[in-house]
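I opened this model to look up its charged pairs, one of its helices and its overall build. My notes follow in the order I took them.

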Amino acid sequence: MENEFQLIANIILLLMIIYSVIYIRTYKQLTLLSTIQRTSSKTKLALLLISGICLRIFLAFFYTGHPTDMTCWSGWALGMANYGPGSFYESMQFADYPPGYLLILWPIGILLRLTELPYTHILHSILLKLPIIIFDLLTTLLIYYYAEKGQHKSPLLLAAFFFFNPAVLLTSSIWGQVDIVFSFFVILMLISLYNERLLYASIAFVLGLLIKPQMFLFGPIFVIGYYYYCKEKPAQTVLKQTLISGLIALGVFILICLPFLITKKDPLWLFKLYFSTMGSYPYGSLNATNFIAIINGLWAPDTATFLGLSYKLIGLVGILFSIGYTAFLAIKDSTKNNLALYGALMITGIFTLGHHMHERYIFPALVCLILAYLYKPHKNTLHFFVYFSVLETLNMSLVLTDSYLFSYQLMPLILSYLQVIGYILLCIYSYQACKLSKEAI
């Protein structure tokens, strides 16, 4: 198994190098590529998507996925098929995800039960990864659609940069994690806020929340988008749309949870599930190469101290700083043009400075950076996208080869310093973007 991990890590490293070289060589050719792609662009998009899907299926065949996560998906899918949503949580020994992704796993579980595929069969893992690959595809189509709609120089190239990004490939088709699923709803939320569609933004936020608790981290960004909405709309419209959006979003939340609520005696069970999930990993850093890792916090209890301060306290201060600095720039900025950039800034800051961070928690920042580039095309935004993609790829590859990273290891330490440097540079860049946006008015 260790040799398999090492081999797949080497493949991902090779893909990352190829990706970086292609990015460096093609970035300055955006105008040329845009001229070429105007002929048969739909055909080229289809070829791009087909080749990307084939690559994902090949990688999924090649590596079954992270054992811990794949065991959860398999058990939960079969649990939904065997017990149904009403008895699912009571029947499972461990289930810390909210109902949204369980409903996605439900038909997969029925199919697994009908085919009686054993857990060790490669098609078993392919089926479990299928929803993730589909959301990779949907996110790429969304990027292409809005790049083309915005008359971007090269929507096909941007879609390719995302679809063949090593961090995206590693997270979905190799590791088998579902970060892309809730990230899809993050991008839908941001697009809706850009377009002043408060109802759609509210529904997207709720759906993301029902997929993964990490959507809570985007609560401040939703509030910032709502702040811009309130500034641009008459008070009467704001009040009306707030009530309509809130009620419909709440209705969607209840409707999705309803099948799970039938047998529940405790009306607060779902909120308890969220809070227990968020507090179930009491460590300074869970393989995330960040500031906590630099101060010896990798897999250290969050009650352990550094210079007399607990990792939990240090992380809370870091999270509050990230949110506070982002809110400061957003309020200082008079337009919503940098909303996606602020989303990337906040999530990167929470990952870099916060506690209880897994190695994948920066993933939504990559989606935000691509979207930020679509709305305000600046080369440095794409540079940050590639930079953090490389760090994320290396961080996850290390975890695949060595399940537990520690602060005394050289490579995690180097990546942690690079992560902190990257966040500082992103803070400076976001401040400059805010300043330029304000001066343009």
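I started with Lys336. Is Lys336 buried or exposed? Its relative accessibility is 13%, under the 20% cut-off, so I put Lys336 down as buried. This is a predicted model, and I read every value with that in mind.

Next I looked for the partner of Lys336. Its side chain meets that of Glu196 in a salt bridge, 3.4 Å from N to O. Glu196 sits in the loop between H9 and H10, and Lys336 in the loop between helix H15 (311-332) and helix H16 (339-353), so the bridge ties together parts 140 residues apart in sequence. Glu196 is partly exposed, at 25% relative accessible area.

I then went through other salt bridges. The structure holds eight. One of them joins the side chains of Asp179 and Lys212 at 3.2 Å, N to O. Asp179 is in helix H9, while Lys212 is in the loop between H10 and helix H11 (219-232), 33 residues apart. Asp179 is buried at 1% relative accessibility. Lys212 is buried too, at 2%.

I also checked Arg360. Arg360 bridges to Glu359, with the closest N and O atoms 2.8 Å apart. Arg360 has 5% relative accessibility and counts as buried. Glu359 is buried at 3%. I noted that Asp179, Lys212, Glu359 and Arg360 are linked in a network of salt bridges.

Which charged residue is buried yet has no salt bridge? I found Asp96, whose nearest side chain of opposite charge, Arg360, is 9.2 Å away. Asp96 lies in the loop between helix H4 (67-91) and helix H5 (99-115). Beyond its neighbours within four places in sequence, Asp96 contacts Trp76, Leu273, Thr277 and Tyr281.

H5 has 17 residues and spans 24 Å from first to last C-alpha, close to the 24 Å expected. I still found a kink of about 30° at Leu105, shortly before Pro107. Buried residues of H5 include Pro99, Leu105 and Leu112. The buried residues of H5 pack against several helices, among them H4, helix H6 (122-149) and helix H12 (235-261). Just after H5, Glu116 has a positive phi of about 55°.

Last, I took the whole protein. I recorded 19 helices and four strands. The radius of gyration is 21 Å, close to the 22 Å that the globule rule gives for 441 residues, so the protein is as compact as a globular protein of that length. Of the 441 residues, 56% count as buried.

Conventions:
Residues are numbered from 1 along each chain as its sequence is written. This is a predicted model: local features need pLDDT of at least 70, side-chain atom pairs count only at pLDDT 80 or more; totals for chains, interfaces and linings use all residues. Side-chain values use heavy atoms; hydrogens and water are left out. Helices (H or I, at least four residues) and strands (E, at least two) are DSSP runs, numbered from the N terminus. Buried means under 20% relative accessible area, exposed over 50%, partly exposed in between (1.4 Å probe, protein chains only). Lys and Arg count as positive and Asp and Glu as negative; His and the chain ends are not counted. A salt bridge is a side-chain nitrogen of Lys or Arg within 4 Å of a carboxyl oxygen of Asp or Glu. Contact means heavy atoms within 4.5 Å. The expected span of a helix is 1.5 Å times one less than its number of residues. The bend at a residue is the angle between axes fitted to the seven residues ending there and the seven starting there. The radius of gyration is taken over C-alpha atoms; the globule rule is 2.2 Å times the number of residues to the power 0.38.
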